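User: Please go through the ligand site and the aromatic pairs of this structure with me, one question at a time.

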Amino acid sequence: MDYRSPWLDDELDMFREAARRFIRQEIVPNDDRWREQHHVDRALWNKAGEVGLLCTDIPAEYGGVGGDARHEAVVAEEMGRHGISSFGHVVHSILAHYVLNYGSEEQKHRWLPRMASGELVGAIAMTEPGAGSDLQAVKTRAVRDGDHYVLNGSKTFISNGLHAGLVGVVAKTDATKGAKGISIVMVETGGQAGYRVGRVLDKIGQNGWDTAELFFDDCRVPAANLLGPAEGQGFIQLMRDLPYERALLALGGVGAMEYALQLTVEYTRNRKAFGQALLEMQNTRFRLADVKTRVQVARVFIDDCIGKLSRGELDTATASMAKLWVTETQCQVIDECLQFFGGYGYMREYPISKLYVDARVQRIYGGASEVMREIVARTL
Ligand SMILES: Cc1cc2nc3c(=O)[nH]c(=O)nc-3n(C[C@H](O)[C@H](O)[C@H](O)COP(=O)(O)OP(=O)(O)OC[C@H]3O[C@@H](n4cnc5c(N)ncnc54)[C@H](O)[C@@H]3O)c2cc1C
């Protein structure tokens, strides 16, 4: 069955080859070690920057690769197809997009070239111990004091938290105003007094990705680090960029499902029981036929989203549908696939087991499935 994503072209095929080579040489051989230590080696970011895999859709005038959302899509897809969850390039790109879309010229020139080279790793700090889905409840404060903001508060579950050199901190600049009192203040973490990384958290999956706690104690940053020309725009900035984040998370999920199916077909073709290959049993063939059908439906839907995203046409509800349906389907499909591995599927040395534990959080971060349903339901 020949299906080719309609948004691909020859240039993207070559870009994919380069991404694949990098993943196979630099990431796959180290991934188990990174899962043990709960973070990638810091040097990976610089290496990825050198070969042009960071900020692929940021214009060249700001040091980016000068591609579009399709380039980011290729990277996310290839990571998914190799079962890689350790490298937080999507979060890095999301932060770069906030700078690109809402930063001043000075801010773009200050941060984007260093993000593209891997000198600065990006993180987005929204979630707090008392505020996750309900972002308006954040307690971190950014109080103006002359030419500075003084930040106080704590964040948790922050991806890229250990390595982050630039953090977009979601904070209240006016605690009396709810959503309109929220701003994004950028913190350059290198040598920053009052900034501290807490624990790198011990997760059930995605163990190679540094998810950390961050603390801000009288952390003074220049007022020029406010994102956007005025205070109070943080909530709107976050909402506007959500389709980008959700489409890329969903795409990674499709890549992971495609990889799971490939692994399962290979395994069941070779594994014998009761005198025949598992793949010759009708139950296996029917169930994997169902899996393949669902993966293909997900693929066609996400391809439509990626096409729209690259043309600037992807709306929030459609991106939420993609995040909702793909990540729920991802968990079901990978569970189904793991079953065919029997006891081996439960062993960490088998990639299907990693796909299984890595998938679960896809339904929680980037907006939980229930929040996605709320957004979709508003369009009924
Ligand atoms: C591995 C990982 C990486 C993460 N990375 C980041 C990051 O880089 N930056 C960042 O800021 N955050 C990050 N997060 C946080 C993540 O976005 C939040 O965990 C998520 O938004 C849910 O918030 P919460 O955990 O506080 O759960 P809660 O908000 O307490 O929600 C708990 C559950 O309640 C239900 N629920 C919530 N709201 C509704 C509703 N409106 N209607 C019906 N049911 C609802 C859902 O089932 C939800 O799962 C990460 C989390 C994890 C686990």
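The questions below take the ligand and its surroundings, then the ring pairs.

Analyst: This is a predicted model, in which local features need pLDDT of at least 70 and side-chain atom pairs count only at pLDDT 80 or more, while totals for chains, interfaces and linings use all residues. Residues are numbered from 1 along each chain as its sequence is written, and side-chain values use heavy atoms, with hydrogens and water left out.

User: Which side chain has an N or O atom 2.9 Å from an oxygen atom of the ligand?

Analyst: Polar contacts here are pairs of N or O atoms within 3.5 Å. The side chain of Ser133 has an N or O atom 2.7 Å from an oxygen atom of the ligand, and a polar side-chain atom of Ser159 is 2.7 Å from a ligand nitrogen atom. The 2.9 Å distance to a ligand oxygen atom belongs to the side chain of Glu370.

User: Which element gives the largest share of the shell around the ligand?

Analyst: Helices (H or I, at least four residues) and strands (E, at least two) are DSSP runs, numbered from the N terminus. Strand S1 (122-125), strand S3 (148-159) and helix H11 (369-377) each supply at least two shell residues. The largest share, three residues, comes from S3.

User: Why is the pair of Tyr267 and Phe341 classed as it is?

Analyst: Rings of Phe, Tyr and Trp (its six-membered ring) pair if their centres lie within 6.5 Å, with planes under 30 degrees apart counted as stacked, over 60 as edge-to-face and the rest as tilted. This rule gives six aromatic pairs. For Tyr267 and Phe341 the centres are 4.4 Å apart and the planes at 20°, so the pair is stacked.

Terms used:
Polar contact = N/O pair within 3.5 Å; in protein donor to acceptor, adjacent residues only side chain to side chain.
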